[in-house]
Amino acid sequence: MPSALLTAATALPQQVDTTALDTTQTASGQASSLLDILVLGGWVMVPLVLLSLLTIYLLVERLITIRQAASDPEAITDRVREFVRNGNVEAGIQYCEEKDVPITRILQQGLERLGRPISEIQDAVQAAGKHETFDLEKRTNLLASIAGIAPMLGFFGTVVGMIRAFQQIQNLQGNVNPSVLAGGIWEALITTAAGLLVGILALFSYNYLMGRIRRLSNDMERSATDFIDLLQEPVSPERSEELPS
């Protein structure tokens with residue numbers, strides 16, 4: 001009995017070491033198998049990987065731009081309204097230059113034209129708003145294109161893979177077992193899965209960014225409308241020279 005316990009105690013560390021080694025080999029095997037799967041997808045995986053990297057770059061770059069453009073439209077409009085009502089237009093322009101966000105750049109176009117016909121000021125403000133919206137939407141069309149191109153590339157890779165698989169079957173004169181046929185099919189489907197994954201990521205990024213941009217555009221339009229309404233308010237005689245009639 002003591003000899004049996006001694007044998008079990010001696011074998012236990014060896015079993016622990018073997019288990020740890022198997023776990024390490026399994027983890028490294030999973031990493032290598034993922035790379036092998038990507039390689040099995042063929043050359044179509046190269047543009048798909050590049051498209052996925054481009055999608056991530058565009059998402060991060062546009063998010064940074066939108067974050068920098070975000071502001072408090074109500075506070076900015078109230079501040080500009082205060083400058084205009086006090087007749088301190090130069091200070092209002094300087095305030096807009098210091099803030100340097102889309103809303104203040106739009107309002108600055110109107111402030112610089114005070115004294116001109118209201119229609120001319122309104123046209124300038126609207127043109128500035130369209131320009132700022134265009135800058136915010138810059139390169140988002142690439143995400144929409146990737147969302148459509150990536151799945152098509154994946155399907156193309158699958159078709160090419162299936163052609164190779166059936167050519168192999170023909171070369172073997174049909175003497176293949178189901179496992180060989182299944183292997184060729186799942187290898188061909190790798191590109192479809194990858195293309196759908198990239199397309200889903202690009203589509204989600206596009207819709208998310210456009211939602212953020214629409215909210216910013218709505219804030220800019222509301223501020224521009226409030227500014228035009230301000231210019232059409234009745235003014236006192238001492239400020240009539242600063243505002244358009």
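**Close-up 1. The side chains of Asp-219 and Arg-222 form a salt bridge, with N and O 3.1 Å apart.** A salt bridge here is a side-chain nitrogen of Lys or Arg within 4 Å of a carboxyl oxygen of Asp or Glu. The view is taken from a predicted model, in which local features need pLDDT of at least 70 and side-chain atom pairs count only at pLDDT 80 or more, whereas totals for chains, interfaces and linings use all residues. Residues are numbered from 1 along each chain as its sequence is written, and side-chain values use heavy atoms, with hydrogens and water left out. Both Asp-219 and Arg-222 belong to helix H8, where they are three residues apart, about one turn of the helix; helices are DSSP runs (H or I, at least four residues) numbered from the N terminus. Asp-219 is buried, at 18% relative accessible area, while Arg-222 is partly exposed, at 34% (buried means under 20% relative accessible area, exposed over 50%, and partly exposed in between, with a 1.4 Å probe and protein chains only).

Close-up 2. The whole structure holds nine salt bridges.

**Close-up 3. Asp-135 and Lys-138 form a salt bridge whose closest N and O atoms are 3.8 Å apart.** Asp-135 counts as partly exposed, at 24% relative accessibility, and Lys-138 also counts as partly exposed, at 35%.

**Close-up 4. The largest nonpolar core contains 45 residues, of which Val-80, Leu-111 and Phe-227 touch the most other members.** At least two residues of this core come from each of helix H2 (45-69), helix H3 (73-85), helix H4 (89-99), H5, H6, helix H7 (140-171) and helix H8 (178-231). H8 gives the most, with 14 residues. Such a core is a set of buried Ala, Val, Leu, Ile, Met, Phe, Trp, Tyr and Cys residues joined through side-chain atoms within 4.5 Å.

**Close-up 5. Glu-90, Glu-97, Glu-98 and Glu-112 form a negative surface patch.** Patch residues have over 30% relative accessible area and no salt bridge, and like charges are joined within 9 Å. Glu-112 is placed in the loop between helix H5 (102-111) and helix H6 (118-136), and Glu-112 counts as partly exposed, at 39% relative accessibility.

Note on methods
Patch = residues over 30% accessible without salt bridge, like charges linked within 9 Å, V, L, I, M, F, W, Y side chains within 5 Å. Areas by Shrake-Rupley, 256 points an atom, 1.4 Å probe, with all protein chains shown as cover. Lys, Arg positive; Asp, Glu negative; His and termini not counted. Charge placed at Lys NZ, Arg CZ, Asp CG, Glu CD.
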